[in-house]
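Hello,

Here is the structure I promised to pass on to you.

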Amino acid sequence: MVIVLKKDISDGQKKDIRSFLKKHDFKLNEIVGEEDTVIAAVGKVGIDIRDVEILPGVSGVIPISKPYKLASREFKRDDTIIEVPNGRGQKIRIGGHHVVSIAGPCAVESREQIMEIAASVAASGAVMLRGGAYKPRSSPYSFQGLGEEGLVYLKEAGEKYGLPVVTEIVSETLIPVMRDYVDVYQIGARNMQNFDLLKKVGALGKPVILKRSYTATLEELLMSAEYLLSSGTDSVILCERGIRTFEHATRNTLDLSAVPVLRSLTHLPIIVDPSHAVGIRDKVAAMGLASVAAGADGIIVEVHNHPEKALSDGAQSMLPEQFDKMMHDIEALAPVMGKSVAHIREANSSVVKTAQNSLSGKIVCAYSGKRGAYAEQAITRYFDEQDVLSMSVDSFDEIFQAVTDGKADYGMVPIENSLAGSVYQNYDNFSRFEDVSIAGAVTLNIRHALLGVKGASVSDIKKVFSHPQGFGQCKKFLDAHKDWSLVDAVSTASAAQTVSESGLKETAAIASSVNASIYGLEVLAEDIENDPGNFTRFVVIQANHVEKAAGAKESNIAPNMASFIVKTRNEPGALYSLLGVFNESSLNLTRLESRPIAGQPWRYWFYVDAELSGIKKDAAVYVEELIKKLRLHAEEVRLLGIYAEAGRS
Ligand code: PEP
Ligand code: MN
């Protein structure tokens, strides 16, 4: 039942209602809505609804309309995100904005086989390893699996590559053998309605992938999920794997419409197994991609290094290179669906505790561009130079990826230029990369110089290289030299490098003067920008679970900024009411940027920066209260960070 609470309910009344329901063995979930706050309650014993209706503070009681309760959206409005630790301090998240790929052979056949396949699927981007040790085969004469020996190999391979292990349990009698090896239990299609097995596996409290039987309706699938949820686990992942139809061209018929239909019926994550659905190796990738396009939270696929020799399901097992290609395509597709692909962080990732690079003892901060880029200067501005190693990557996306994967402790990301405006790509990256938060910010004054080879003077110059923004920002200076030809470069630093490599006196670059010493050039003219008020604001990003950098210069000032991203409700006045919360809080909003949400035309993320000046309370407590209020007016609120920024009040 769903218990609607009165608007003026006191804390004491709410506590009494909760303890009354708990006493009657109800599972509770409180949902705070814009209009009402409700408690969804599910119990095994029926009680007279009137006993609840008369409790003080209750405005009404509505029965949950579906036969499945704990699995229903009525019980829990927000998507469930299941976290599976990988033994390296990382949690693989299934559900929400994440796309996960689970891959491996149908069955574990030997130690060498699973080690080799684990290595290749991990390298291609799988985040969990699948493989059967006990195989439910249609024929008693087919390979039945290696049993416990298979589990030993599977666990060894999983541990080596940081991949949690998924394997099928076919009988409750195997629980004592399996429990030490398994991270995620799989209930196979043939056992979907083995209710005793469901109850016993649910009681283990571990995550479970529940495969849809090829003869089950979606409601039957959800009723089976209900068995698991009501027996003790909160972590059930539904898996569509094809149903039996009159069509024989494929092994089964992949019912992809199950994904959006289940999405509205349940809060549980939904994955798809295109391998068992299609049954034909070279048709699997298309359906894997289609699954992601349908909104699936992930896929589980069979991959084999020698499928022609596989002891089971060889015909549908992808070759490692087919899997690799599909993963590339999924990377490209996921942002269109407003999702990002989950990755395993490197072994011995430097972010685990110390946020220090273990080899050099230095912090590693990634930036996009070459040595001498303005972002690199921002790094040495923000961190004490001797404490930091700058790591150059090729794009803004790669900065976010490096931080997420633990390859870099921090990233230096340009967010806004005072003349050219917002760097939209990085606003978008904040909604794509959920594991990243803001640790600090730094503003750099952009000063351009004309750099030439040693011995050159301004009168020698005929050809100038720079980034188009560099030309724009030095237009007045260039207008005085109309005879120069201007050549675009990918960055100001690479312009300097080009001039250095050419060695020609007639070439010059517009770039920061620090490039002169890096590339052996001479400063021919300084401060040639039109407007000295040319600033770029960078934010320093880090993975969510890391402590603040010891080397940050700003770390000795109290937090004075908070940044959020907020998804408003799709209704009139949504933004107005959101801003009202900031208004009441007397925070000074310094930035409000809207960005379209990928895959959801005409819906937007709002990116908000606010100054925390004049707040007497602890900033974290204050912001937590603010977020609670924002949530009443927004579909989603994510705190990007509370941080110190020099030059803010
Ligand atoms: C499997 O995953 O190897 C398997 C047997 O799947 P299903 O239960 O979907 O047939
Ligand atoms: Mn199989």
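The structure holds 1 cavity of 30 Å³ or more. This is a predicted model, in which local features need pLDDT of at least 70, side-chain atom pairs count only at pLDDT 80 or more, and totals for chains, interfaces and linings use all residues. Residues are numbered from 1 along each chain as its sequence is written, chains are lettered from A and ligands numbered from 1 in the order in which they are written, and side-chain values use heavy atoms, with hydrogens and water left out.

First, the cavity. On a 1 Å grid over the protein atoms alone, a cavity is a set of points where a 1.4 Å probe fits but cannot get out, while a pocket is an open set with protein on both sides within 12 Å along at least five of seven lines; lining residues have an atom within 4 Å of a point. Volumes are the space filled by probe spheres set on the points, with grid points joined across faces, edges and corners. The largest cavity has about 50 Å³ of space, and its lining consists of Tyr427, Asp428, Ser431, Ile565, Glu593, Arg595, Trp605 and Tyr607. Helix 14 provides the largest share of that lining, 3 residues. Helices (H or I, at least four residues) and strands (E, at least two) are DSSP runs, numbered from the N terminus.

The largest pocket contains about 1700 Å³ of space. It has 49 lining residues, and Asp78, His97, Glu635, Glu636 and Val637 are the closest to its centre. Elements that give two or more residues to this lining include helix 14 (424-432), strand 28 (588-597) and strand 29 (600-611), and helix 20 gives the most, with 6 residues. By class, the lining of the largest pocket has 15 nonpolar, 10 polar and 24 charged residues; here Ala, Val, Leu, Ile, Met, Phe, Trp, Tyr, Cys and Pro count as nonpolar, Asp, Glu, Lys and Arg as charged, and the others, Gly among them, as polar.

The second largest pocket has about 740 Å³ of space. Phe396, Pro414, His467, Val490 and Ser491 lie nearest its centre, among 29 lining residues. That lining divides into 12 nonpolar, 15 polar and 2 charged residues.

On to the metal. Which residues coordinate the manganese ion (ligand 2)? They are Cys106 (SG), His276 (NE2), Glu302 (OE) and Asp313 (OD), at 2.0 to 2.4 Å. Donors are N, O and S atoms within 2.8 Å of the metal (3.2 Å for Na, K and Ca), and sites may look incomplete because water is not among the atoms. Along the chain, the donors of the manganese ion follow the spacing C-x169-H-x25-E-x10-D. Cysteine 106, in the loop between strand 7 (98-104) and helix 3 (111-124), and histidine 276, in helix 9 (residues 274-278), are 170 residues apart and link distant parts of the chain.

Last, the helix pair. Phe195, Leu198, Lys199, Val201 and Gly202 in helix 6 meet Ser224, Tyr227, Leu228 and Ser231 in helix 7, where contact means heavy atoms within 4.5 Å. The residues of this contact comprise 5 nonpolar, 3 polar and 1 charged.

Best wishes
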